Amino acid sequence: MKDMKERMPPHRRTAAPPQAVPRGPQVSRRAFALAGLGAGAFSLLGAPLARALAPIAVSGVRLGGGAEATRLVLDLAASPSHSSFNLADPYRIVFDFPDLDWHVAAERMPAPTGLIRGLRAGLFRPGTFRLVLDLSGPAEIARTLSLPPQSGYGWRFVVDLRPTSRDAFMTRLGRDPGAPQAAKASEPAVNGRERRAGGAKPVIVIDPGHGGVDPGAIGVNGVYEKHITLAMARQLKARLEKGGRYAVALTRDRDIFIPLRERVAIARRAHGDLFISLHADSNPNRSTRGLSIYTLSERASDKEAGLLADKENKADIISGMDFSEESPEVTGILIDLAQRESMNLSAQFAALSVGELRRQVRTLDNTHRFAGFAVLKAPDIPSVLLEMGYLSNSEEVRLLQQAGYRDRLAGSMAHAVDRYFDQAQSAQRP
Ligand SMILES: [Zn+2]
């Protein structure tokens, strides 16, 4: 698909996001450059920056999602700094921006949806543009994102809301809108990017497929996929932790069933920067063998990839769960935004992995494939699914049961992770 071909910085998550340091000189310099003014023309340090900045033009407002997760998107000419606070009775979340040049006519304002039952925008006072979200109930900011121009969109400022309790809502009440630092400090620290700005380690989430009531594929010798994936997950975790560069979380560290949706939720709660799901396949043709790696696509790259995704996605049915309601995170507008970026980053990591793995183990032709795996649908975490080999092949199942063979796989994956984050860091250098 065409988006996969676009060159993206491998990983922007480690960059200090504009919203994390709303008034810092670095961000302001960036904003100058984006506004086309040129940083060299101004003495930045010590200048009243907010006043010097040209207002950022806003050309569109969009809403999406539902009552469990609502997304607001502003289309802008540059990345804005902001602060936010709550007002109660009725419930509102208020965003203040330095200044915005609002070009959205009333008739082009979106219809209310989900947690947002009304939207008002206007200049609050000189230098402060205010956006008020009228809420249908107590809600909180799950995250904010500034997405750079891509795929025909310009800059986008994205706000994700989720329901919360009245008590939790009231703790963010009544912040002085003139004190963005205070408002900032009270925002939930849910965004991995923001934490990264403080120098924290990238978080790798490893997801051993299946578990508990769901054995996964069953090998010709009776071995269960769920045991091989867990063994591999522990080895990969050890490999990644050895260098001290990453924090590593597992979606499960014992033989237990975890719904697919919950695996994604675990990764997001862990503020994952990279999600690696581990699986092994089986095939009626017992001579089939070789490793492959998958990233998310709305369309499968081939028939086998589509069938495999169907098979892996049945984990929740196998366990007797009702999975008829798809996660709100993967619906509608969300796929167009953060997920599109995540898909590009996922494809980049998959390509690096293929390069490393090919030197060590047998791979399938077209080693990197695409399909609609439910477990890869975190909209904001680059994610891959590694099919380590075929348990239906007597030689490959024997290898996958060997700790030494799995360690070779783990070593290759760890190299790929290193290269991925190396690229991200070099992309951030000026
Ligand atoms: Zn599997």
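1. Strands S4 (residues 92-97) and S7 (residues 128-135) pair in the antiparallel sense, joined by six bridges. Strands here are DSSP runs of E with at least two residues, numbered from the N terminus, and two of them pair if DSSP finds at least two bridges between them. Within this pairing, Phe97 has Phe129 of S7 as its bridge partner.

2. The model is predicted: local features need pLDDT of at least 70, side-chain atom pairs count only at pLDDT 80 or more, and totals for chains, interfaces and linings use all residues. Residues are numbered from 1 along each chain as its sequence is written, and side-chain values use heavy atoms, with hydrogens and water left out.

3. S4 and S7 belong to an open sheet of four strands, ordered S3-S4-S7-S6, with antiparallel pairing. Its edges are S3 (83-87) and S6 (116-125), each of which pairs on one side only. On average, neighbouring strands in this sheet are turned by 20° against each other, direction ignored; axes are lines fitted to C-alpha atoms, and angles run from 0 to 180 degrees between N-to-C directions.

4. There is also an open sheet of five strands, in the order S5-S1-S2-S9-S8, and its pairing is mixed. S5 (100-102) and S8 (139-147) are the edge strands, each pairing on one side only.
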